[in-house]
Amino acid sequence: DIPEYKLHISQSIIRVAFSKEKVNYTKEKNYEYNFIKRVIEKDVEETFNKYENNFRTLLRKEDLCDDIIKYMFFIFGNSMLIESFIKPVKKLLKNAGLDINCQNISEINDNKLITVEEFNSFFDEMINALFETTPHVIRILLKIFYSSIRKYFSVKENDYNALYTALFFNFIINPRVQQLYSILPNKSNYVKFLNKLVWKAIYNNKFIEDDVQFVVFNESIEINNKKVKNFIEQKIISI
């Protein structure tokens, strides 16, 4: 029962912190911003003290600060998630003849994989939607997250890997989040491979030459990596 209790506690804290009624009890200006800043800085500092200089451990402690940050993504970024990932994926599945709305997705025969052209088109749609729909509170959250990371961790100024982890792997292509919208990578090879391509593009992690079937994606991985980096710099770092 502990995860369920933590969920309710985190949601309640967020509701109070962002409620209009709180002005009757606090005179603090910019309360919401200061709330986000305090939670993130505490979380990043505690992660550094516990796991030392390994930014990949961020948002992995599964404590209250972690949960508050994660649920803020879900509460404020739900429309962004739908527009940038869920709708494009469902369109891909429909065009590929894979009925995402069937009662038993495990029966879907999706041995076919996404093509280079389909992946490039999907990635463009995802990035364009992120530019248009990322809410200001998520942008602020990520900017504070980046500043806090650089304060404690040995991260270069233009190294956005921790931000990629927070936005994409904590949220957008998190299998547990996708399951809420019937996007099931554990049962659909098509979606599983798409998530893998997104992961590789974000980190510019190309296929090795021995992966003869997939090396054709390497050029797209490099091109799309520049697009996601541009999004981070224009919509997050610049604010």
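The model is predicted: local features need pLDDT of at least 70, side-chain atom pairs count only at pLDDT 80 or more, and totals for chains, interfaces and linings use all residues. Residues are numbered from 1 along each chain as its sequence is written, and side-chain values use heavy atoms, with hydrogens and water left out.

**Entry: α6 and α7**

I took helices as DSSP runs of H or I with at least four residues, and strands as E runs of at least two, numbered from the N terminus. The axes of α6 and α7 come within 10 Å and cross at roughly 140 degrees. Axes here are lines fitted to C-alpha atoms, for helices over the stretch in contact, and angles run from 0 to 180 degrees between N-to-C directions. That makes α6 oblique to α7. The angle classes are: under 35 degrees roughly parallel, over 145 roughly antiparallel, 65 to 115 roughly perpendicular, the rest oblique.

Next I listed the contacts (heavy atoms within 4.5 Å). From α6, L142, F145, Y146 and I149 meet A162, L163, A166 and L167 of α7. By class I get eight nonpolar, no polar and no charged residues. Nonpolar covers Ala, Val, Leu, Ile, Met, Phe, Trp, Tyr, Cys and Pro; charged covers Asp, Glu, Lys and Arg; the others, Gly among them, are polar.

**Entry: α7 and α9**

I moved to α7 (residues 161–172) and α9 (residues 189–203), which pack at about 160 degrees with axes 10 Å apart. That makes α7 roughly antiparallel to α9. The crossing is right-handed. N161, Y164, T165, F168 and F169 in α7 touch W199, I202 and Y203 in α9. This contact of α7 with α9 has six nonpolar, two polar and no charged residues.

**Entry: α6 and α10**

I looked up α6 (residues 136–152) against α10: the angle is about 100 degrees, and the axes lie 9 Å apart. α6 and α10 are therefore roughly perpendicular. R139, L142, K143 and Y146 in α6 meet K235, I236 and I237 in α10. The classes are four nonpolar, no polar and three charged.

I then checked K235, which sits in α10 (residues 218–237). Leaving aside neighbours within four places in sequence, K235 contacts F131 and R139.

**Entry: largest pocket**

I searched for pockets on a 1 Å grid over the protein atoms alone (an open set of points where a 1.4 Å probe fits, with protein on both sides within 12 Å along at least five of seven lines; lining residues have an atom within 4 Å of a point). The largest pocket holds about 630 Å³. Of its 21 lining residues, K70, Y71, N170, N174 and R176 are closest to the centre. I find at least two lining residues from each of α1 (2–17), α3 (64–76), α7 and α8 (175–179). α3 gives the largest share, five residues. The lining has 11 nonpolar, four polar and six charged residues.

Terms used. Left-handed = near helix turned anticlockwise from the far one by under 90°. Points joined across faces, edges and corners; volume = space filled by probe spheres on them.
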